[in-house]
Amino acid sequence: MKRIGMLTSGGDCQALNAAMRGVVKTLANSREKVEIYGFLDGYRGLIYSNFQMLTGKDFSGILTKGGTILGTSRTPFKTIHEPDENGVDKVESMKQTYHKLQLDCLVILGGNGTHKTANLLREEGLNVVTLPKTIDNDLWGTDMTFGFQSAVNIATDAIDCIHTTAASHGRVFIVEVMGHKVGWLTLNAGMAGGADIILLPEIPYDIDKVIDKIEERDKKGSRFTIIAVAEGAISKEDAKLSKKDYKKKMEKNPYPSVSYEVAAKIQEKTGREVRVTVPGHMQRGGSPCPYDRVFASRLGAEAGRMILDGEYGFMVGYKNREVVRVPLEEVAGKLKMVAPDATIVQEAKLLGISFGD
Ligand code: F6P
């Protein structure tokens, strides 16, 4: 008999349910008897021992369902050692819940912050297996996270829609894409949607170079320009500031997000009409795309196999088109960013896409 605790933590994304279903189906198809403890709303469920007993039936029919049947929340790692408002020691409580329920392991689905806490729990002696989710695709140790391809599809659809209206009106259009501090989602959706300019956090932009590209297109007779801007994009000037000075500057920044600042600068310098579209959380919503359904199911199956093998302390990752086991200590605390000289960036430049650098 194996007692498995399961939780989803951090921002949700598509295919969380598909991944959990993969784990549970694999266990159900083995000879092992299992009990599944589903912790609700992320680490909070583990801290406050808030769980539901789940059976195979609960995981039936959820392959195509977005969100997470367990609910999720953010429990920032930087405050994990601080007691909660009632003085509860979060780490000790999580350990107590685990031991009280006599769990054999925890299956934790999450992104960067989630992995820091998962690794801490491993260091505290708990058996942990993790699965890499996030639309940002910024998790170290895996070439891909589930949720990412579904979000690329949605952000690309947004750019496709903008394309037709931009072409009709001869306007400059900015589509702001999610991704937190990394540009994978913007880069991929930008290329897929045929953006003319892509601004990423990893490649600080010069607004004059952005304008050069718009004017070059004008001269060639293109009536419109599409700019895909990552929510974390940063100008060359701002990139030179210390973290502290940048934070101070942003506190006084009158713009709701970076795209509006880029739009205002273009408008001011060229007199052109610029429109901004922010698809926002739509990018995390809806059904997982077929790629993510297959991908998350494969990772879930491997997590199930690891549990059956009694192999803990790993994230199930994906490297060179193979599902692999990556030690948690290698994953925690690192970001996988777009290298400014990555081949995909070079290829995008060959296609004529400007990065404003
Ligand atoms: O990490 C996933 C993500 O969607 C990022 O792309 C985005 O910056 C962030 O979460 C938004 O967080 P929240 O849902 O807390 O607004």
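Predicted model: local features only at pLDDT ≥ 70, side-chain atom pairs only at ≥ 80, totals over all residues.
**Exercise 1. Check the overall dimensions.**
Task: Decide whether the radius of gyration of the protein chain agrees or disagrees with that of a compact globule.

Solution: Start with the length, 357 residues. A compact globule with 357 residues would have a radius of gyration near 21 Å. The protein chain has 22 Å, so the two agree. Next, look at the box: the C-alpha atoms fill roughly 70 × 40 × 30 Å along the principal axes. Then turn to burial: 54% of the 357 residues are buried.

**Exercise 2. Classify a ring pair.**
Task: Describe the aromatic pair of Tyr291 and Phe295, and say whether each residue is buried, partly exposed or exposed.

Solution: Two values describe a pair of aromatic rings: the distance of the centres and the angle of the planes. For Tyr291 and Phe295, the centres are 5.8 Å apart and the planes make 40°. The pair is tilted. Both residues lie in helix 11 (residues 290-309), 4 residues apart, about one turn of the helix. Tyr291 has 35% relative accessibility, so Tyr291 counts as partly exposed. Phe295 has a relative accessible area of 3%; buried means under 20%, so Phe295 is buried.

**Exercise 3. Follow Phe295 to another partner.**
Task: Classify the aromatic pair of Phe295 and Tyr318 and locate both residues.

Solution: The centres of the Phe295 and Tyr318 rings lie 4.9 Å apart, with 70° between the planes. Over 60 degrees counts as edge-to-face, so this pair is edge-to-face. Phe295 sits in helix 11, and Tyr318 in strand 10 (residues 314-319). They are 23 residues apart, so the pair links distant parts of the chain. Both Phe295 and Tyr318 are buried.

Terms used. Residues numbered from 1 in each chain as written. Heavy atoms only, no water. Rg over C-alpha atoms; globule rule 2.2 N^0.38 Å. Buried < 20%, exposed > 50% of the residue type's maximum accessible area, 1.4 Å probe, protein only. Phe/Tyr/Trp six-rings, centres within 6.5 Å; stacked < 30°, edge-to-face > 60°. Helix = DSSP H or I, 4+ residues; strand = E, 2+ residues; numbered from the N terminus.
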